[in-house]
Amino acid sequence: MHASTTTLAPAAPVSAGVVFTDETLRKAAALTADRHRPVWTGASGEESSGEAVARHLEATAALLERDGWIRTYDYSSDWTKGMGAVDEDSMTVKDMVKALLRMTRDSVGNDSRRTLRTALRHVGEGSPHGDTDTDTVASEVLDLLIKAHTGFSGARAFPWSERLHRSHADITALLAAGAHFARTYGPAQTRCA
């Protein structure tokens, strides 16, 4: 496990402390009418179907289930580690390359866990279940749900997901609610982005 991470995902899913009700979804749907730009249109200018966005959100949940969820990454310990690079005249080129590779391996780590933000992006970048537009729209859908859930117009899903008390089950509940919302309240047009 990567030394610079501090939060562990639960070993097994637990019941969500956060519940997204049908009323929350209806409130989120009402918020879409107040938007200055269409929720279902990504940066390409093309509309994503509710089904395409739902698939993106479900693939994100599956990715987090497979590789693990982490609330945030802790990079602060990297500042105190130091690189420990040895720059001695007595070192051979082979010794220097070995030291450099060791430092690189130690700094990158092998922790496969992802934050909500990272998992959504990874599904959009290298998955048959999404693209950059569905990533953008899925993020907007999650923001709408959190605004409806909290009643705060400035609320956003990513900061909500990074709260100290948040759990993997809470994130899974949010993603499931987002997929349900996208299928229920997505645009009438059914073409996939």
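**First stop: helix α5**

Start by selecting helix α5: its buried residues pack against α2, α6, α7 and α8. Here "buried" means under 20% relative accessible area, while exposed means over 50% and partly exposed is in between, using a 1.4 Å probe and protein chains only. Packing is judged by contact, meaning heavy atoms within 4.5 Å. Which residues of α5 are buried? They are Leu-116, Thr-118, Ala-119, Leu-120, Val-123 and Gly-124.

Before moving on, a word on what you are looking at. This is a predicted model, with residues numbered from 1 along each chain as its sequence is written. Local features need pLDDT of at least 70, side-chain atom pairs count only at pLDDT 80 or more, totals for chains, interfaces and linings use all residues, and side-chain values use heavy atoms, with hydrogens and water left out.

**Zoom out: the whole chain**

Now show the entire protein chain. It has eight helices and zero strands, and along the sequence the pattern reads α-α-α-α-α-α-α-α. These elements are DSSP runs numbered from the N terminus: helices are H or I with at least four residues, and strands are E with at least two. Of the 193 residues, 42% count as buried. Take the contacts between residues at least 6 apart in sequence: 83% of them join residues at least 24 apart.

**Colour by confidence**

Next, colour by pLDDT, the predictor's confidence in each residue, from 0 to 100. The chain averages 82, and 77% of the residues score at least 70. Select residues 1–15: pLDDT stays under 50 there, and the model has 31 contacts beyond four places in sequence for this stretch. Then select residues 189–193, where pLDDT also stays under 50 and there are 14 such contacts. Where pLDDT is low, the predicted coordinates should not be read in detail.

**Helix α1**

Select residues 22–33. This is α1, with twelve residues, reaching 17 Å from its first C-alpha to its last, close to the 16 Å expected. The expected span is 1.5 Å times one less than the number of residues. Highlight Thr-24, Leu-25, Ala-28 and Ala-29, the buried residues of α1. They sit on the same side of the helix, because they cover an arc of only 140° around the axis. That arc is taken from the directions from the helix axis to the C-beta atoms. Among the elements covering them are α6 (132–150) and α8 (168–185).

Stay in α1 for Lys-27, which is partly exposed, at 43% relative accessibility. Where is His-149 relative to Lys-27? The two are 122 residues apart in sequence but 8.2 Å apart in space, C-alpha to C-alpha.

**Helix α2**

Select residues 50–67, which are α2. The 18 residues of α2 should span 26 Å, and the end C-alpha atoms are 26 Å apart, so the two agree. The buried residues here include His-56, Leu-57 and Asp-67, and the cover over the buried residues of α2 includes α5, α6 and α8. Step past the end of α2 to Gly-68, whose phi is positive, near 100°.

**Into the core**

A nonpolar core is a set of buried Ala, Val, Leu, Ile, Met, Phe, Trp, Tyr and Cys residues joined through side-chain atoms within 4.5 Å. The largest one has 38 residues, and Leu-57, Val-141 and Leu-174 touch the most other members. Two or more residues of this core come from each of α1, α2, α5, α6, α7 and α8.

Click Leu-174 and look for its contacts beyond four places in sequence, among them Phe-20, Leu-116, Ile-146 and Trp-160.

Follow that last one: Trp-160 lies in helix α7 and is buried, at 8% relative accessibility. Beyond four places in sequence, its contacts include Val-18, His-149, Arg-166 and Asp-170. Its C-alpha is 7.6 Å from that of Ile-146, 14 residues away along the chain.

**Last stop: Lys-147**

Finish in helix α6 with Lys-147. Is Lys-147 buried or exposed? Lys-147 counts as buried, because its relative accessibility is 13%. Leaving out residues up to four places away, Lys-147 touches Leu-31, Arg-35, Phe-152, Ser-153, Ala-155 and Arg-156. Lys-147 and Leu-31 are 116 residues apart in sequence, with 8.5 Å between their C-alpha atoms.
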